[in-house]
Amino acid sequence: MTNIGGLPMAMPEISNLITRNPGLFKAIMLTSGGFTGGLSSTIAGGKFIDGFRQGLITSGLNHVAHSFSGTNTDEKYKQFRKGFRKLVRDEKYIEAATLASDTYSLDSDVKGRYSYSITKSEKSYMTTGGDAYENQVVEITTGFFSDHLGDFVRALHHEFVRVSA
Amino acid sequence: MSLYVFQRSVLGNDSVNNHGLREYFAHLDSVYNTSLPKASPQAETWWKSRLDFYWKLSLYNSGQSNVNPLVK
């Protein structure tokens, strides 16, 4: 056992995860900073969530400042962009969204709980709708598929958070 | 993997009761998730600009504040 950001952690397991996914290690650094802030706040008599927020932002800024600027220069991204753009050219929008989701594991927590609806529009937006505990419909405009690819992936990820709600 | 994993572990399925907090984390994730392709500066600025609003909404949703940011 060792200590990361004030949290005891079993290093052998974490090391394996880090090897497989450097992004996760950054997330652990970010979030363990948040936990430390929260715990400090509780000890000082404040509200946990206030301290947590401050800790998260502080550690977030610190680590992001030292992180790589994104993942849009690696081979995975280049292959994804090539496949995505081809599907969009062929107007296979649902397949393109599925490729984005599969490539970056965006829907791992919500598989089988949503469906796509494609709206023909030059505007770029996504929305999620549906009754509680029912299938959620993620609506995406065709314009968004031709927009900034990083924005598309992050927005889709964002919509899946809503699906999980 | 991302902050999203962490927000799920913190929030569980309680988001119906605290929509603001889930959106706050979702926006935070949209800005700082380094596992996803880089966003445009415009999108990043937009998500950052919404953080304060959703934080206030989360406080209102959880009963820690009487100020509803949805009411101007």
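1. Of the 165 residues of chain A, 31% count as buried, where buried means that 20 or more other C-beta atoms lie within 10 Å of the residue's own, exposed that 12 or fewer do, and partly exposed anything in between, with C-beta atoms placed from the backbone. This is a predicted model, in which local features need pLDDT of at least 70 and side-chain atom pairs count only at pLDDT 80 or more, while totals for chains, interfaces and linings use all residues. Residues are numbered from 1 along each chain as its sequence is written, and chains are lettered from A and ligands numbered from 1 in the order in which they are written.

2. Chain A contains seven helices and five strands, arranged from the N terminus as β-β-α-α-α-α-α-β-β-β-α-α; helices (H or I, at least four residues) and strands (E, at least two) are DSSP runs numbered from the N terminus. Among contacts in chain A between residues at least 6 apart in sequence, 42% join residues at least 24 apart, a contact being two C-beta atoms, placed from the backbone, within 7 Å.

3. Helix H4 of chain A (residues 75–89) has 15 residues, which at 1.5 Å a residue should span 21 Å, and its end C-alpha atoms are 21 Å apart, in agreement; the expected span is 1.5 Å times one less than the number of residues. Within H4(A), the residues A:Tyr77, A:Phe80, A:Phe84 and A:Val88 are buried. Seen down the axis of H4(A), the buried residues fall within an arc of 65°, so they line one face of the helix, the arc being that of the directions from the helix axis to the C-beta atoms. An α-helix has 3.6 residues a turn, so residues three or four places apart point the same way.

4. The buried residues of H4(A) pack against helices H5 (93–103), H6 (142–145) and H7 (149–163) of chain A, whereas A:Glu75, A:Lys78, A:Gln79, A:Lys82 and A:Arg89 are exposed on the other side of H4(A).

5. Two loop residues of chain A deserve a look at their backbone angles. A:Glu91, in the loop between H4 and H5 of chain A, has a phi near 60°, a positive value in a residue other than glycine, and is exposed, with 12 other C-beta atoms within 10 Å. A:Ser105, in the loop between H5 and strand S3 (114–119) of chain A, has a phi near 50°, again positive in a residue other than glycine, and is exposed, with 12 other C-beta atoms within 10 Å.

6. A:Thr141 belongs to strand S5 (residues 136–141) of chain A and counts as partly exposed, with 19 C-beta neighbours inside 10 Å. Leaving aside residues up to four places away in sequence, A:Thr141 touches A:Thr119, A:Ser121, A:Lys123, A:Ser124 and A:Tyr125.

7. In chain B, helix H2 (residues 19–32) is mostly covered, since 12 of its 14 residues are buried, among them B:Leu21, B:Tyr24 and B:Phe25. H2(B) and helix H3 (residues 41–61) of chain B pack at an angle of about 160°, with their axes 7 Å apart; axes are lines fitted to C-alpha atoms, for helices over the stretch in contact, and angles run from 0 to 180 degrees between N-to-C directions. That makes H2(B) roughly antiparallel to H3(B), a term for angles over 145 degrees.

Technical notes:
Parallel < 35°, antiparallel > 145°, perpendicular 65-115°, else oblique.
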